Amino acid sequence: MYQTTLNDKLIFSGKGLHSGEFVKVELYPALPDNGITIRRADIPGTEPVKLTPFNVISTVLATTVYCGNYRISTVEHLLSALYGLGIDNVHIDVYGDELPILDGSSSAYVDQMKNIGVKQLKKKRKYLKFTKKIRLEKGDKWIEIIPSRYFKITFGINFKNSIISEQKKFITVTPNTYLKEISRARTFGFKEEVEQLWKMGLAKGGSLENAVVVDNNKILNGDGLRFDDEFVRHKILDLIGDIALLGYRFFGHIRAYKSGHELNNVFARTLLESKNCYKIIELNDQYSFNPYETLVLEPQGT
């Protein structure tokens, strides 16, 4: 029922996926109703910006947000971890023009957030409770939300590749299920596409250490896959990160097919603009169930 933040500061560093340069990000506890704010801390005089779907300026290869006059790329994995673990209020300082890719999943973020703990604040959360269906389509890709008493996701993908092929995954999103079923799923790509990106001067930090790479009918990573359906699980991870920009917890079942960052962002914008399709509520006796079980992260402090 109540808003949360981190118990203490966290620091992450490593290669940026696209620049290949060393970058650093610092997370700070924040006050109620702060939401997720972000700042280019490496540039003197920059001010924090509160993230919303309307801050997104590019969805090519990653989700990139506008922070003042500067860009910050690859925010989706960190936002996914925050939302997946039920953390509402955090300030993010970024030293560089993108976040570190780490191992290509959100597990490093999740592990450290779990270790540092979550602090429950004294102000209630506001939830979006969707009451009508909303659907977007682009070619053979689509994404929709239907009313539900929980936050659920059903995602389908279909690649003309024997390793990936057609995969579908359903999950009711809670901190526990996010930790166990989603957070370790890594980003992925095809060998020929990665090599083409390198020739274009992109994905300079990409490697087998931070992505699953598929070459025809084999996985190039020596340790193989973490899940048989790791590909669709990572698509869910990305979707949660893009939906986190809503700034609200919500009740609804998102169903998607072949959706990516672009359609996810248009969908998030559409959800906020469709004010006749949801109610803003606080949990009370009528909605006394807890869709964000905290078996993994026990709130600490007040």
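Biologist: Which residues have the most contacts inside the largest nonpolar core?
Modeller: In this predicted model, the largest nonpolar core has 69 residues, and those with the most contacts inside it are Leu27, Met113, Ile153, Phe250 and Ile254. A nonpolar core here is a set of buried Ala, Val, Leu, Ile, Met, Phe, Trp, Tyr and Cys residues joined through side-chain atoms within 4.5 Å, where buried means under 20% relative accessible area, with a 1.4 Å probe and protein chains only.

Biologist: And which helix gives the most to this core?
Modeller: That is helix H5, residues 230-243, which gives seven residues; helices are DSSP runs of H or I with at least four residues, strands are E runs of at least two, and both are numbered from the N terminus.

Biologist: Before we go on, what should I know about the numbering and the cut-offs?
Modeller: Residues are numbered from 1 along each chain as its sequence is written, and side-chain values use heavy atoms, with hydrogens and water left out. Because the model is predicted, local features need pLDDT of at least 70 and side-chain atom pairs count only at pLDDT 80 or more, while totals for chains, interfaces and linings use all residues.

Biologist: Okay, H2 then: which of its residues are buried?
Modeller: In helix H2, residues 107-116, the buried ones are Ser107, Tyr109, Val110 and Met113. Seen down the axis of H2, they fall within an arc of 155 degrees, taken from the directions from the helix axis to the C-beta atoms, so they line one face of the helix.

Biologist: What do they pack against?
Modeller: They pack against strands S1 (2-6), S2 (10-15) and S3 (22-29), and against helices H1 (76-84) and H3 (175-182), with contact meaning heavy atoms within 4.5 Å.

Biologist: How do H1 and H2 meet?
Modeller: Their axes come within 9 Å and cross at roughly 40 degrees, the axes being lines fitted to C-alpha atoms over the stretch in contact and the angles running from 0 to 180 degrees between N-to-C directions. The contact is made by His77, Leu78, Ala81 and Leu82 of H1 and by Tyr109, Val110 and Met113 of H2.

Biologist: Is H1 itself buried or exposed?
Modeller: Nine of the nine residues of H1 are buried, so H1 is largely enclosed by the rest of the structure.

Biologist: Switching topic, where is Thr63 found?
Modeller: Thr63 is in the loop between strand S6 (56-58) and strand S7 (64-67), and Thr63 is buried, with a relative accessible area of 2%. Leaving aside neighbours within four places in sequence, Thr63 is in contact with residues including Val56, Ile72, Glu76, Asp242 and His261.

Definitions and conventions. Buried means under 20% relative accessible area, exposed over 50%, partly exposed in between (1.4 Å probe, protein chains only).
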